[in-house]
Amino acid sequence: MYDAPNLAESQVTQDNIKISARNVQVFYADTHAIKDVDVDILDKTVTAFIGPSGCGKSTFLRCINRMNDTIDICKVQGDIMLDGQDIYDKRVDPVQLRAKVGMVFQKPNPFPKSIYDNVAYGPRIHGLARTKADLDEIVEKSLRRAALWNEAKDRLDQPGTGLSGGQQQRLCIARAVATAPEVLLMDEPCSALDPIATAQVEELIDELRQEFSVVIVTHSMQQAARVSQKTAFFHLGHLVEYGETGQIFTNPEDERTESYITGRIG
Amino acid sequence: MPLIWLIVIVLAIAVAGYVLGRSRVMAATGGDSRKLHSLPSYYGYNVALKVVLPSFFLLLVWLLVQPVIVNGTVAADIPQSAIPEGSSRDLIMSEVRRTAEGLDNAVAQGIMTEDFATNARSDLNDVTQRLKDAGQIVTAQVTQPILQAAQRYRIMNDTGNLILSLLVILVAAAGAAWSLREMRPEFRARNVVERVVKGVLVAAASVAILTTLGIVLSLVFNTIEFFRLYPAGDFFFGTAWSPSFTGRGGSSELGVLPLLWGTFYISIVALLVAVPVGLFAAIYLSEYASPRVRSFAKPMLEVLAGIPTIVYGLFALLTVGPLLVAVFGKDGLGWMQAGTAVMTAGLVMGVMLIPFVSSLSDDIINAVPQAMRDGSYGLGATKSETIRQVVLPAALPGIVGAILLAASRAIGETMIVVLGAGAAARLSLNPFEAMTTVTAKIVSQLTGDADFASPEALVAFALGMTLFVITLGLNIFALYIVRKYREQYE
Amino acid sequence: MTDVTPNAGGNRAGNSLATQDARTKRRNRAEARFKAYGLTAILVGIFFLVVLAVSIIRSGSPAFTRTVVDVEFALSQAQINEAEEQLFKTAAYAAFFTDALKRQIDESGMEVAVDEDAIERIIGKPGSTIREFFQANPDRIGTPVTFELAASSRVDGYFNGRVTRESMQDSRFLMAGDLDLVDALAEAGVIRSSINWTFITGADSGVDNPGAAGIGASVVGSFFMMLVVLVLSLPIGVAASIYLEEFAPRNRFTDLIEVNISNLAAVPSIVFGILGLAIFIQFAHLPQSAPLVGGLVLTLMTLPTIIISTRASLRAVPPSIRDAALGVGASKMQSVFHHVLPLAMPGILTGTIIGLAQALGETAPLLLIGMVGFVARGYPDGIVSGFMDPNSAMPAQIYTWAARADASFYEKAWGGIIVLLVFLLTMNIIAIILRRRFERRW
């Protein structure tokens, strides 16, 4: 179903490391949710985080754009560098960070506004468009990017909540894309969708790779195999194994990875 | 027989019935409760319920009906000639009741013998004097027809009470006898008791309906009575409010418009204070405040809601009013004549409504799903951008509902306006002038000396009806909006 | 397809995350402003609360003290005989008293002119008090007795700061010169403040005697009213809630009840007063101003509150408890009364206390059923008369005082509010303790 773009995989160098995490620990009050995670996430690549539920993959994802800041009891230690800059530096404004590192959530969460305003929300707050025409252009391009333009172009002024689940999720992707991020984080973006919508979104993810570094959390191993080039397996808060997707699924090094892939744990 | 004794007797029969019912059925099985259909106590409860319920029901109905019948019969017997010019049958009847009560008291104090009280036909002076001795306030000389009516009233009431006591005890005893006969081991006592209890529960729940019915009936009948005396058109569209003080004149102008204007003006001032403060307080509490600040500030604000309105009324009259006069009065800016004004009442009412708006809005803002906020933060929005552009639009219907509920509170508020807004009904735009409201006039028209049958008193019911309809409309609309809003996120 | 970001970089000139660009700075300032608005709103609310509390305490606390004059003097049998022979007996007693007071002042070595009129203006006419005392206690004749006499309300005001030398106008009640005497007496310890028990335990006085007004009788009135509310609203409210929460089928009748309850909760309280007036007084001929009627009206008003909170606590009991009871063969009724109700009881009681506190402070309906304007001059004689005889209630008494022309009653009104708030506070604290102690999270 998915042709692995071998070209990209073979050219991995130090240069296109987008995010590098070192020794990351996350605590929820007294619970140690993420333990010693080191990982390098590449630019223009889809990286999948897999693992059984509660393994910390979503938590780690939320660390990358500091979404965990909104949770009072959550504490993050260690370094996460975006283009060589520590995002947990005191001087870093999480608002600016999140403009660069966009996020798509598990459940489609369109704002209670029109489709147009949903997509235009990010560009407006970040001041990406100088004129109305600029904004129209961004909205159209983002909707096209999210493969929603044809369905939505005649109903841009209707509420985003009126779309179907799959359309809503693509709207959320369009919304994230419109902000012109460099990294796109996706937290189980297909878990609330039916198979057809899932296929559409997966296709979209593959397209987005040309532009962004995409990190996707999924509980479906098949999905990880279909869309990603790199896969990281999390278990009980540890990053157990990280490598080429093909290798992780065909020839895992760690026993736990193999157990999970073959369905013995999880 | 005093009522309390009657109740005690019935309860005693019930307790005896419980013990008897229980022991009887136990005896029938030779003390082995396993052979019973239900637990032994259910047999006891069955008897007790059948004693208490019918007899108390009878008691309640009788107590409600007897005064109506007695009043009606006695009133009908007062000859037309005994009603002086300018008085009414109702007024005479209240005098009759007073006299009857006086006779009761006099007998109780030993100033009159029972015989004297029932036969005191001749010497009216003597009766009046003796009544005064007994501490009864008798307006004037007791006249012959009034005395006769009063005596009749007493006799009818006494007979009624006697019959009532006998009947109630009889019903209680019959209930006991009937249910005791049922006491066989295979009798399904639990099912019967549970059915009865369920009936009681339904009756309790119906009190809400009865209350509404009572409100509507008391408003409707008196309002109709009012419109018979005063044209409805003049009431709804009249722009002047000047009831005559005699309580009997046809010169009263009873237009509701100035009162409605005062009501709305004060409510608007109140909402202008309460909505911004309450809303921002709710936003701060739900989105910004740390748990510690929240656990301190939220109860502090809620204390404002727990303070009785009389306190706010006094605060308006004695603290805020004089303060405003000092600033805006003739020593200051010269806009204000006296402490009681739209501004005074509106400000204080606004303070009262702050916690109302803030806690309702707080709930509603909290009901906006976190996913919505995450979506916005994920795009790099700041908190305030998220709140203004995502959370508030999402919560808007609910907040509108909360504001409408607050408005209905403001419109129905009485004590603050009675004490803080003044008594003059006028149509004016100056917020520093005294104005009055529907609620304040309900109080003043019904607490004065006016005769209940006069349009000056009855107008209060028409005002009450107006108030009831407006607040009910607002409430239903607001609750509908809030419910729709809640369903959206459930 | 590569150029989705037409303006990317344009507005993000310094690509470093560590430095804020101009737009982010502006947005962060807007953020700080917005947050400040919220904080201001909270502070405004708390500010009002503080102002309210301060003005209540400042204006109300003088009601709890009164100014008394302590004079110690002895009266011999001969003096009494002399006084009793005179035409104005009390005046003769007063003269003895004035002499004693003068002596006391002289002994303390102060140079103040004392004239009888001034003394009369300060402490009224003490003669009758003294005469009555010695008539009642003939054995005390000849021994020194200390009399504690209430000072006039204007002297009271002078001590409380309500009357100052500047605001004083010479009148037949008090002259400016009298204040010198008052100061002197205060220095000598003859005039002092003491707790005004009359206010706490006494009954209302007439419109012309603010000094003797007390809140005690209306506290009793409120107590009987609350008894009625408690006895009626708790069982009815609980029964209604149990029905609606546990047994009611989903049908029109249930919907009707639900709609009625939620609307009654928002009906203005004055409308309940109209209901009480029309149904209980006009139709059923219950006595006006009686705590029973007040209690009935407040019951109807409190019921929705109690039903709503009771239903919430019933709903908080997890269904598993009901299933467990039903599973061992209990009937639905048994599962509710044996298991659900006891578990919900703390919540129900908390809600009831809060409902009662609300009812205790409610004034408007009481105005209409005649609890205002009525001067509660004494305590009820017994339980039945406690329910049936006209009485006032705390909030109604406060309103009566506030509506009186004499400004001296305002102090009483504020004092009454302190008493009322103490009751409300106590009830709420009990509710909070109940909730803290028994609250259970499932």
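Start by selecting R33(C) in this predicted model: you will find R33(C) in helix α1 of chain C. With a relative accessibility of 47%, R33(C) is classed as partly exposed.

Next stop, the salt bridges. How many salt bridges does the whole structure hold over all chains? A search finds 33, and here are a few to visit.

Stay in chain C and pick R322(C) with E246(C), a salt bridge whose closest N and O atoms are 2.8 Å apart. R322(C) belongs to helix α13 (residues 319–327) and E246(C) to helix α9 (residues 216–247) of chain C, so this pair ties together parts 76 residues apart in sequence.

Move over to chain A and select D206(A) and R209(A), which form a salt bridge at 3.5 Å between the closest N and O atoms. Here D206(A) is partly exposed at 25%, whereas R209(A) counts as buried at 14%.

Then try D89(A) with R91(A), where the closest N and O atoms of the salt bridge lie 3.4 Å apart. D89(A) is partly exposed, at 24%, and R91(A) is exposed, at 55%.

To finish, select K18(A), D83(A), K100(A) and E182(A): a network of salt bridges links these residues.

Technical notes:
Residues numbered from 1 in each chain as written. Chains lettered and ligands numbered in written order. Predicted model: local features only at pLDDT ≥ 70, side-chain atom pairs only at ≥ 80, totals over all residues. Heavy atoms only, no water. Helix = DSSP H or I, 4+ residues; strand = E, 2+ residues; numbered from the N terminus. Buried < 20%, exposed > 50% of the residue type's maximum accessible area, 1.4 Å probe, protein only. Salt bridge = Lys/Arg side-chain N within 4 Å of Asp/Glu carboxyl O.
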